[in-house]
Amino acid sequence: MVGQVEKYLLEKIEEEGTIHITLIDPEKVTPSSASHIVHEAESCQTAAIMVGGSTIVSTSHLDRVVKAIKKTVNIPVILFPNNVTGISKYADAIWFMSLLNSSDPYFIIGAHVLGAPIIKKFGLEPIPLGYIIVGESSAASVVGRAVPIPYDKPELAVAHALVAEYFGMRFVYLEAGSGAKQSVPSEMIRMVKSIVSLPLIVGGGIKTGEQVKEVVEAGADIIVTGNVLEEHEVKDKIRELVKSMKRP
Ligand code: 1GP
């Protein structure tokens, strides 16, 4: 069943063409620095907040960060877990994400079996997502034991994204890895978008308005940025990114 947060995302995409989501890596923030970032991000029209990272963080710290974010913003807070430890009862929803190009069944289905009853108990809204890691080796690919899809093999990204669609997942995410030197290539985005009918999320290494424009023109429905907001004055950066989102 499609829940409220998913409905909200789909309506926003329908209205605005492409939307921006701000990613907070709980390992890199305190509750108060996270509050500062999301406050500025919401005022610059980011559509939602995602919370998660590739490496280890204690669930109690995650809880404190999510609570602080929830207290600060009205937009939805969606968990982006790397493992069962990435679940917090204080969020609104969780990407129920399968790492489709992992070579380890734990990241495709295993963690999910452990996490599903917790998600049910906490009343979180699960949003089924096919997660695909592309490009060079990254923290996400190492932790998730993924075989990243080479930048110049867009047809392999299409094949994986089709699996997400045929399995009944409702979003697909092309991930270049946080802080990636090269973001997901336009050709790959374009090819996935033209063949697969799921809403397409793109993230990893997007830092400038110019890059945002390219990703939007290639067909992304959701753009996720994290790193760049930790390195810059948040408001100026998000303004630059969100301003570049309007579809041509
Ligand atoms: C990482 O796609 C996200 O999971 C965002 O990447 O931190 O490079 O913006 P950045």
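Helix 6 and helix 7 cross in a right-handed manner, where right-handed means that the near helix is turned clockwise from the far one by less than a right angle, and left-handed anticlockwise. The model is a predicted one, in which local features need pLDDT of at least 70 and side-chain atom pairs count only at pLDDT 80 or more, while totals for chains, interfaces and linings use all residues. Residues are numbered from 1 along each chain as its sequence is written, and side-chain values use heavy atoms, with hydrogens and water left out.

Helices (H or I, at least four residues) and strands (E, at least two) are DSSP runs numbered from the N terminus. Pro154, Glu155, Ala157, Val158, Ala161 and Leu162 of helix 6 meet Glu187, Met188, Met191, Val192 and Ile195 of helix 7, contact meaning heavy atoms within 4.5 Å.

Helix 8 (residues 209–218) comes next. Its buried residues are Gly209, Val212, Val215, Val216 and Ala218, with buried meaning under 20% relative accessible area, exposed over 50% and partly exposed in between (1.4 Å probe, protein chains only). These buried residues pack against helix 7, strand 7 (200–203), strand 8 (222–225) and helix 10 (234–243). Just after helix 8, Gly219 adopts a positive phi of about 120°.

Strand 8 includes Thr225, which counts as buried at 2% relative accessibility. Beyond its neighbours within four places in sequence, Thr225 touches His20, Ile21, Thr22, Leu23, Ile206 and Leu241. The side chains of Thr225 and His20 are joined by a polar contact of 2.8 Å; such a contact is a pair of N or O atoms within 3.5 Å, and within protein one must be able to donate a hydrogen and the other to accept it, with residues adjacent in sequence counting only if both atoms are side-chain atoms.

In helix 2 (residues 31–43) sits Ser35, buried at a relative accessible area of 17%. The side chain of Ser35 makes a polar contact of 3.2 Å with that of Thr72.

Turning to the ligand, a polar side-chain atom of Tyr173 lies 2.8 Å from one of its oxygen atoms. A polar backbone atom of Gly179 is 2.6 Å from a ligand oxygen atom.
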